[in-house]
Amino acid sequence: FVDESGDFESFKGEWVIGSILFEGSKETVNEKLSTLPKLLKTSGAPFLLSEYHLTEFRQNLGNSEAIHIAENLFSILSKAKLRFKFLTVINEHKVGLSQRERTYRTMLRDLLSLIDSSIPVGEKIEKLDLVVATRTIDGELQTSFADICSDILGYIPKETEYDLASLGMVELINKNKLSVELMQANKSWGLVCADFISNLSYHQNKKDSQTLLYNLYVSAKLQTFDGIGGYKVRRAKIAAA
């Protein structure tokens with residue numbers, strides 16, 4: 001499940017693509033995620049799925065309460081018996097590629113390669129279901145399903161032809177074992193989690209966000225790297241991740 005924070009254009013804040021990777025088929029994962037409302041209600045959380053957006057929690061309830069909500073959600077995830085890991089690509093230096101969408105798509109390609117390298121030795125991704133939050137600016141859809149298929153998935157095999165960092169992802173694409181779905185972020189608990197990690201990473205210089213991100217990192221629940229830069233630099237970072 002993939003979401004983003006930042007406008008990928010101005011020098012305000014970070015540019016972030018955040019995701020949560022679950023083990024299991026999409027059907028099994030969604031079934032387990034469907035238990036979250038009951039678990040959250042038991043924990044005292046009064047919010048509905050459509051209300052889970054960390055930016056609005058920060059604006060309406062303050063940073064401290066927003067962080068508390070995020071901590072509670074992440075804790076509940078473990079109780080839902082889900083094996084998961086957060087993966088983020090952060091363009092800290094705001095290096096653009098002349099166009100906002102080119103920057104976003106390049107970072108998304110890097111995220112897919114990071115997914116490949118995040119799998120423990122001895123394990124293998126048999127199939128990958130990619131659920132991406134829709135992005136609109138002034139009511140206009142930005143990266144579309146066709147864009148993801150052509151400019152991201154279609155480009156990876158070319159980009160990694162001589163690159164060992166992402167051969168597993170190339171194999172999934174070549175064998176049609178990678179599916180793509182676009183969805184509104186407030187329609188999926190998986191995308192809510194991706195929204196939360198994106199927002200936390202966007203605000204990583206704030207102390208409360210830093211603490212939560214650090215706790216995820218030391219518990220091996222978070223893997224991240226600074227995206228963008230020259231091709232060789234990016235690929236080296238991914239291979240070493």
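View 1. Buried here means under 20% relative accessible area, with a 1.4 Å probe and protein chains only, and strands are DSSP E runs of at least two residues, numbered from the N terminus. The model is predicted, so that local features need pLDDT of at least 70 and side-chain atom pairs count only at pLDDT 80 or more, while totals for chains, interfaces and linings use all residues. Residues are numbered from 1 along each chain as its sequence is written, and side-chain values use heavy atoms, with hydrogens and water left out. Trp 15, Ile 17, Ser 19 and Leu 21 point one way from β2, whereas Val 16, Gly 18, Ile 20 and Phe 22 point the other way.

View 2. With β1 (residues 2-5) the pairing is antiparallel over four bridges, and Val 2 stands opposite Ser 19 of β2. With β3 (residues 84-91), also antiparallel, there are eight bridges, and Ile 20 has Phe 86 as its bridge partner.

**View 3. Helices α4 (residues 63-79) and α9 (residues 189-202) have axes that come within 11 Å and cross at roughly 135 degrees.** The contact (heavy atoms within 4.5 Å) involves Ile 67, Ile 69, Ala 70, Leu 73, Phe 74 and Leu 77 of α4, together with Trp 189, Val 192, Cys 193, Phe 196 and Leu 200 of α9.

Definitions and conventions: Buried means under 20% relative accessible area, exposed over 50%, partly exposed in between (1.4 Å probe, protein chains only). Two strands pair if DSSP finds at least two bridges between them. Axes are lines fitted to C-alpha atoms, for helices over the stretch in contact, and angles run from 0 to 180 degrees between N-to-C directions.
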